[in-house]
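Visitor: I would like to learn how to read a few features of a protein model, one after another. Could you take me through them with care?

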Amino acid sequence: MAFGLHNPAYLRLGIWPVAPLVHPKVVRFMEQLPHEHKRVKAMFRDRLRRAGLPESVAAPTEPENFRAVMETGLRTYGLPLLDGMLRESLLVDLGYVDPDALARARDHAERAPVVPDLLCDTLALEVGLRSLA
């Protein structure tokens, strides 16, 4: 999703994004590993330990979570962008998003304790489409 969001901007600047872990040889290698090496990223965690990193890095007790950052960003920037989409939107114009449903979702998000993830996906797609226009 992140690549999809940023690729148009990168490509306009002549930067071709590469995800080295999806190279066919790496994927084939990972598919052939025994399950115990793949389970809970055991191979990667062992490599981090051998590199001398502490256990808090190699196997943190709580996974990294960007929920608070995402929530702040959606409230600060996403909701105003949704307001703009209610006035003018490629997704609405193309018939992919119902403007009345979008307005209801916007109102709900304002009052809800957490902005729904689906609104983030809608905003990302709208921004991506606008970057291509």
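**Reading surface, pocket and salt bridges**

Guide: Let us begin at the surface of this predicted model, where Leu 11, Trp 16 and Val 18 make a nonpolar patch of about 370 Å². Val 18 has its place in the loop between helix H1 (2-12) and helix H2 (24-32).

Visitor: Is Val 18 buried or exposed?

Guide: The term exposed is kept for a relative accessible area over 50%, and because Val 18 has a value of 59%, this residue counts as exposed.

Visitor: Which residues line the second largest pocket?

Guide: The lining consists of Lys 41, Phe 44, Arg 45, Leu 48, Val 57, Ala 58, Pro 60, Thr 61 and Pro 63, and the elements that give two or more residues to this lining are H4 and helix H5 (55-58). H4 gives the most, with 3 residues, while the pocket itself has a volume of about 180 Å³.

Visitor: Where is Lys 41 found?

Guide: Lys 41 is found in the loop between helix H3 (35-38) and helix H4 (42-50), and with a relative accessible area of 52% Lys 41 is exposed.

Visitor: How many salt bridges are there?

Guide: The general idea is that side chains of opposite charge can pair when their charged atoms come close. With a cut-off of 4 Å between a side-chain nitrogen of Lys or Arg and a carboxyl oxygen of Asp or Glu, the count comes to 6 salt bridges. In one of them the side chains of Asp 46 and Arg 49 meet at 3.0 Å, N to O; these two residues are 3 residues apart in helix H4 and are therefore separated by about one helical turn. Asp 46, at 36% relative accessibility, is partly exposed, as is Arg 49 at 33%, and Asp 46, Arg 49 and Glu 55 are linked in a network of salt bridges.

Visitor: Which side chain meets that of Asp 83 in a salt bridge?

Guide: The partner is Arg 106, at 2.7 Å, N to O. Asp 83 lies in helix H6 (residues 67-87) and Arg 106 in helix H8 (residues 99-111), so the pair ties together parts that are 23 residues apart in sequence. Asp 83 is partly exposed at 27% relative accessibility, whereas Arg 106, at 11%, counts as buried.

Visitor: What does the side chain of Glu 110 meet?

Guide: Glu 110 also forms a salt bridge with Arg 106, at 2.5 Å, N to O, and both residues lie in helix H8, 4 residues apart, about one turn of the helix. Glu 110 is partly exposed, with a relative accessible area of 46%.

Conventions: Residues numbered from 1 in each chain as written. Predicted model: local features only at pLDDT ≥ 70, side-chain atom pairs only at ≥ 80, totals over all residues. Heavy atoms only, no water. Patch = residues over 30% accessible without salt bridge, like charges linked within 9 Å, V, L, I, M, F, W, Y side chains within 5 Å. Areas by Shrake-Rupley, 256 points an atom, 1.4 Å probe, with all protein chains shown as cover. Buried < 20%, exposed > 50% of the residue type's maximum accessible area, 1.4 Å probe, protein only. 1 Å grid on protein atoms, 1.4 Å probe; cavity = no way out; pocket = protein on both sides within 12 Å on 5 of 7 lines; lining within 4 Å. Points joined across faces, edges and corners; volume = space filled by probe spheres on them.
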